[in-house]
Amino acid sequence: MTDSRTKRTQTLAAAARAKSQAKTEAAEKAIRVLVKRGEPVTFQAVQREGGVSHAFLYNHPDLRGRIERLRAQARPTPARAPAVNTESTLVLALTGQLTQLKKQHRQEIQALREALEQAHGENLDLRRELARRGDTSPRPHVIGPR
C-alpha cells in the first residue's frame, strides 16, 4: 500500500513541477514579448500576456526580480522644470480656471438633480394622498417618469 501511495505522491509532485515550469516559461515568454513590443514590463502586463497569476509572479524570486528591474528601467526620469515664461503661465492659469469652473458645474448639476429627485418624491406623495382620499377627478397628462 505504501508503494502505491509513494507512486501517487511522486506523480503529483512531478505534475506540480511541470505546471510550475510551464507557468515560468509562459511568464518569461510574456516578458520577451512585452520588451519586443516596447511596452512597459509590469506585473499586471506579464500576468495578462502570460496568463499567470500575480501571486505566482510575486512568489517566483527570479521572475519578480527581473520584472522589477525592467519596470524600473522603463520609468522615465523626472524632467527638469521648463523655464517659466508668460505663455506657459497663462496656460496654467486658464487651465486652473477651467478646472474650477468644471468642478462648480458638476456641483450645480448634482444640486439640481437632488432638487429634482426631491420634487419627484413630493409629487409621488401628493398623488398617493389624492388616491388614498378617493379623488377620481381626471388628471392631466404627465410627461416624464411616474
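What percentage of the 146 residues of the protein chain count as buried? The share is 12%, where buried means under 20% relative accessible area, exposed over 50% and partly exposed in between, with a 1.4 Å probe and protein chains only.

This is a predicted model in which local features need pLDDT of at least 70 and side-chain atom pairs count only at pLDDT 80 or more, while totals for chains, interfaces and linings use all residues. Residues are numbered from 1 along each chain as its sequence is written, and side-chain values use heavy atoms, with hydrogens and water left out.

**Overall fold**

The protein chain has five helices and zero strands, in the order α-α-α-α-α along the sequence. Helices (H or I, at least four residues) and strands (E, at least two) are DSSP runs, numbered from the N terminus. Contact means heavy atoms within 4.5 Å. Of the contacts in the protein chain with a separation of 6 or more, 47% are accounted for by residues 24 or more positions apart.

After α1 comes G38, with a positive phi near 80°.

**The α1–α4 contact**

The axes of α1 and α4 lie 11 Å apart, and the helices pack at an angle of about 10°. Axes are lines fitted to C-alpha atoms, for helices over the stretch in contact, and angles run from 0 to 180 degrees between N-to-C directions. Angles under 35 degrees count as roughly parallel, over 145 as roughly antiparallel, 65 to 115 as roughly perpendicular and the rest as oblique. The pair α1 and α4 is therefore roughly parallel.

On the α1 side, T24, A27, E28, I31, R32 and V35 take part, and they meet L63, R66, I67 and L70 in α4. Sorted by class, this contact has six nonpolar, one polar and three charged residues. Here Ala, Val, Leu, Ile, Met, Phe, Trp, Tyr, Cys and Pro count as nonpolar, Asp, Glu, Lys and Arg as charged, and the others, Gly among them, as polar.

T24 is in helix α1 and is buried, at a relative accessible area of 9%. Not counting residues up to four places away in sequence, T24 touches F56, H60 and L63. A polar atom of the T24 side chain lies 2.9 Å from the backbone oxygen of S20.

S53 is in the loop between α2 and α3 and is partly exposed, with a relative accessible area of 32%. The side chain of S53 reaches the backbone nitrogen of F56 at 3.0 Å. S53 and K23 are 30 residues apart along the chain, and their C-alpha atoms are separated by 9.1 Å.

Note on methods:
Polar contact = N/O pair within 3.5 Å; in protein donor to acceptor, adjacent residues only side chain to side chain.
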